[in-house]
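Please prepare a short briefing on the structure shown below.

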Amino acid sequence: MPKEISLNCKGKINLSIDVLDERPDGYHEVEMIMLAVDLFDTVKLCLRPDDRIILHSDADAMPEGMDNLACRAAKLFFDCLQMKNEGKPLDGGYTNGGVDIFIEKRIPMGAGMAGGSADAAGVLCGLNRLYEKPFSRNILMDMGKTLGADIPFCIFGGCALAEGIGERLTALPMPPPMACVVAKPQVAVSTKWVYDQLDLSKRPENLSVKKVVDGIRKGDTKQIIQYAGNILETVTIPAFPVVGEYKRMMWELGADLSLMSGSGSAVFGMFSDRDKAANAYHHFQQYTDEVFLV
């Protein structure tokens, strides 16, 4: 049985987000379109002969210990594996459910791009492979949703309609190819704070997730652009005007579509003209170190 594995764990953007209602448990019912992008963290796992879960990262601001989703994902995986094995020792001589986790961070933190969720998904999938796949993908997704609503999608990948709290996923075709520029201003946004402030009566007039889904299925770029929107912008942009300024610059630089990803603060622009995308990428380098052409 191998003792080490390395995985590239993709972040996501949201081609649309609508929030339908608040649930009694404090979560919100959502409709959103999630798209994995080629901006990834690298998660390296090395099994330990003891029961310690130790996290290292090249990012100074990374939460440590069980404050980190990746560590909680490892603990959950080992707990579930012990239950599946009815308490019997794990295979391969590495019997106590310990792992060294190293995260090489590229996905911006506090950006609305599911960076922490991607890392946790990578831990679940990586440990599953190291232990010769005791769990199906669906079970891993069920594990993930107990830790965070974006983790199931980070396991699922591709493009999907997410419903419920984000855990009910329907696969969609990949939308028509466009260059994507992602830029994160130097502010971090709390997802919980955004949802706490959300006024559902302030839904963008054009926003229709169902029509964006239909546009994706038909490969109709114009329909996608016409009905795409993000209701969470109604909270984040007034509180952090730089997010709105980044959107304005994306439009002025020739983006066919620009939205905030998730609850922010990252903003992306979709460009049918790759030269304009390259120009936008270089333009944003004046304002932030966290800009990516994907």
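The points below are grouped by topic, after a few notes on the model.

This is a predicted model, in which local features need pLDDT of at least 70, side-chain atom pairs count only at pLDDT 80 or more, and totals for chains, interfaces and linings use all residues. Residues are numbered from 1 along each chain as its sequence is written, and side-chain values use heavy atoms, with hydrogens and water left out. Helices (H or I, at least four residues) and strands (E, at least two) are DSSP runs, numbered from the N terminus.

**Pocket and cavity**

- The largest pocket holds about 1200 Å³ of space; of the 42 residues that line this pocket, Leu69, Ser117, Asp150, Thr191 and Lys192 are the closest to its centre.
- Two or more lining residues of the largest pocket come from each of β1 (4–22), β2 (28–48), α1 (69–84), α2 (115–130) and α5 (191–197).
- One cavity of 30 Å³ or more is found in a search of the whole structure, and the largest cavity has about 70 Å³ of space.
- The lining of the largest cavity consists of Leu15, Pro175, Pro176, Met178, Thr221, Ile224, Ile225, Leu257 and Met270; helix α7 (residues 221–227) gives the largest share, three residues.
- On a 1 Å grid over the protein atoms alone, a cavity is a set of points where a 1.4 Å probe fits but cannot get out, and a pocket is an open set with protein on both sides within 12 Å along at least five of seven lines; lining residues have an atom within 4 Å of a point.
- Grid points are joined across faces, edges and corners, and a volume is the space filled by probe spheres set on the points.

**Ser265**

- Ser265 sits in the loop between β8 (257–260) and β9 (267–271) and is buried, at 0% relative accessibility (buried is under 20% relative accessible area, exposed over 50%, partly exposed in between, with a 1.4 Å probe and protein chains only).
- A polar atom of the Ser265 side chain lies 2.6 Å from the backbone oxygen of Val187.
- Beyond its neighbours within four places in sequence, Ser265 has contacts (heavy atoms within 4.5 Å) with residues including Gly110, Ala183, Pro185 and Val243.

**Helix α10**

- Ala277, Ala280 and Phe284 are buried in helix α10 (residues 274–284). Seen down the axis of α10, these buried residues fall within an arc of 60 degrees, so they line one face of the helix; the arc is that of the directions from the helix axis to the C-beta atoms.
- β7 (179–183), α9 (241–252), β9 and β10 (291–293) are included in what covers the buried residues of α10.

**Cysteines**

- The structure has zero disulfides (a disulfide is a pair of cysteine sulfur atoms within 2.5 Å).
- Cys154 is buried, with a relative accessible area of 19%, and its sulfur is 8.5 Å from the closest cysteine sulfur, in Cys9, too far for a bond.
- Cys180 is buried at 4% relative accessibility; the closest cysteine sulfur to its own, in Cys159, is 12 Å away, too far for a bond.

**Two arginines**

- Arg48, in strand β2, is buried at 12% relative accessibility.
- The side chains of Arg48 and Asp100 are joined by a polar contact of 3.1 Å (a pair of N or O atoms within 3.5 Å; within protein, one must be able to donate a hydrogen and the other to accept it, and residues adjacent in sequence count only if both atoms are side-chain atoms).
- Arg129, in helix α2, is partly exposed at 46% relative accessibility.
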